[in-house]
Amino acid sequence: MGSLKRFVLALILWSFALSSAAYPQTTTEPRLRSEMLVSTQWLAQHLSDPLVAIIEIGRDRSHYAESHLPGARFIALDEIAETRAGVPNELRPAKALQAVLERAGASDFRRIILYGDGSGLLAARAYFTIDYLGHGDHAALLDGGMEKWTAEKRPVTRDIPKVDTGTLTLKIQPSALVVLPVMNDLSQEAGKPPSSVVVIDARPRAQYDGNAEDKRSGHIPGAASLYWMQSVVSKENPVLRPVPELRKLYQDAGATPDKKIVTYCHSGIQAAHDYFTAKYLGYDVSMYDGSFSEWSVAPDTIVEKSSSVSKPK
């Protein structure tokens, strides 16, 4: 009787295997992280909320001094990114980042809303920074940024708010960051099925193809092109495109729920926008912060062009 039971069980498992092969299950889409984006309407209703910290990120204070969202605090890009070993826009040490964010009122208990220069680029870079520090779960971008806010004729001010220093506990997420040796390994796997990683180049297509005049222009081997501007409506209206359109962009680049995504660009700014968008769509994503600035001059790296390969001299 025991042998009969084993035979029946084996038959069931065999039948199930045949059925699965004949009717493969479709992979479900990853969960949308809708909390990573807030609308202008939502923020307008929370301008005075003590549990919300609004932060503008800029290259300098000129735009902020002219007008900013009521209650917004300012952080300059060079306070969260630095040039290191000739590579621009590298993450500053965690303690320095913590101090900068705390001075702007960021705290463990506050939701952090980001907007800034470059059609949302610098806000996305700040999001990546906060995510690396372990607080991405309560940070969000203002969809459309200052551009949408002012187009809707919502209030702006020149007043500098009084800010109480916050308390932000460091919970470093090393997996958010990819370094050169790891990127070298990943590039050898990317684009070669069955690969578990998708490398995405966030720069304009001409730079990816190698048609630009940049030094050693081209891309990291195995990388797919997904220029960050494709994810927004326009430079003047940097609202994220509808989710189905965003999903198609990433699927066309090779992204699937079971694959890791690694983004890069020239120096980690455009890549931060693709990082944000990929995470918003629910993917497991990291960013190569050194990006092409580091890759293109590093020894033993290869640069691909549309029709040729360039090795370092």
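A cavity here is a set of grid points where a 1.4 Å probe fits but cannot get out. With that in mind, welcome to this predicted model, in which a search of the whole structure turns up one cavity of 30 Å³ or more.

**The largest cavity**

- The volume of the largest cavity is about 120 Å³.
- Its lining is made up of 16 residues, and those nearest the centre of the cavity are Gly120, Leu141, Leu142, Gly144 and Pro238.
- Three elements each supply at least two residues of this lining: strand S6 (111-116), strand S7 (139-142) and helix H11 (270-280).
- Strand S6 gives the most to the lining, with three residues.
- By type, the lining of the largest cavity holds nine nonpolar residues, six polar ones and one charged one.

**The largest pocket**

- The largest pocket contains about 180 Å³ of space.
- It is lined by 15 residues, with Asp49, Val52, Gly71, Arg73 and Lys162 the closest to the centre of the pocket.
- Seven of the residues in the pocket lining are nonpolar, three are polar and five are charged.

**Helix H11 and helix H10**

- Helix H10 (residues 243-252) packs against H11 at an angle of about 115°, and the two axes are 10 Å apart.
- Angles of 65 to 115 degrees count as roughly perpendicular, so H10 is roughly perpendicular to H11.
- The crossing in which H10 passes H11 is left-handed.
- On the H10 side, Val243, Leu246 and Tyr250 make the contact, and they meet Asp274, Thr277, Ala278 and Tyr280 of H11.
- The residues of this contact divide into five nonpolar, one polar and one charged.

**Helix H11 and helix H6**

- Helix H6 (residues 121-132) is another partner of H11: their axes come within 8 Å and cross at roughly 65°.
- That angle makes H6 roughly perpendicular to H11.
- H6 also passes H11 in a left-handed crossing.
- From H6, the residues in contact are Leu121, Ala124, Arg125, Tyr127, Phe128 and Asp131, which meet Gln270, Ala272, His273, Tyr275, Phe276 and Lys279 in H11.
- Seven nonpolar, two polar and three charged residues make up the contact of H6 with H11.

**Two backbone details to look for**

- Pro193 and Pro194 are joined by a cis peptide bond, with omega at about -5°.
- You can find Pro194 in the loop between helix H8 (180-189) and strand S9 (197-201).
- Ala85 has a phi near 55°, which is a positive value in a residue other than glycine.
- To locate Ala85, look in the loop between strand S4 (81-84) and strand S5 (87-91).

Conventions: Residues numbered from 1 in each chain as written. Predicted model: local features only at pLDDT ≥ 70, side-chain atom pairs only at ≥ 80, totals over all residues. Heavy atoms only, no water. 1 Å grid on protein atoms, 1.4 Å probe; cavity = no way out; pocket = protein on both sides within 12 Å on 5 of 7 lines; lining within 4 Å. Points joined across faces, edges and corners; volume = space filled by probe spheres on them. Helix = DSSP H or I, 4+ residues; strand = E, 2+ residues; numbered from the N terminus. Nonpolar A, V, L, I, M, F, W, Y, C, P; charged D, E, K, R; others polar. Axes fitted to C-alpha atoms, helices over the stretch in contact; angles between N-to-C directions. Parallel < 35°, antiparallel > 145°, perpendicular 65-115°, else oblique. Left-handed = near helix turned anticlockwise from the far one by under 90°. Contact = heavy atoms within 4.5 Å.
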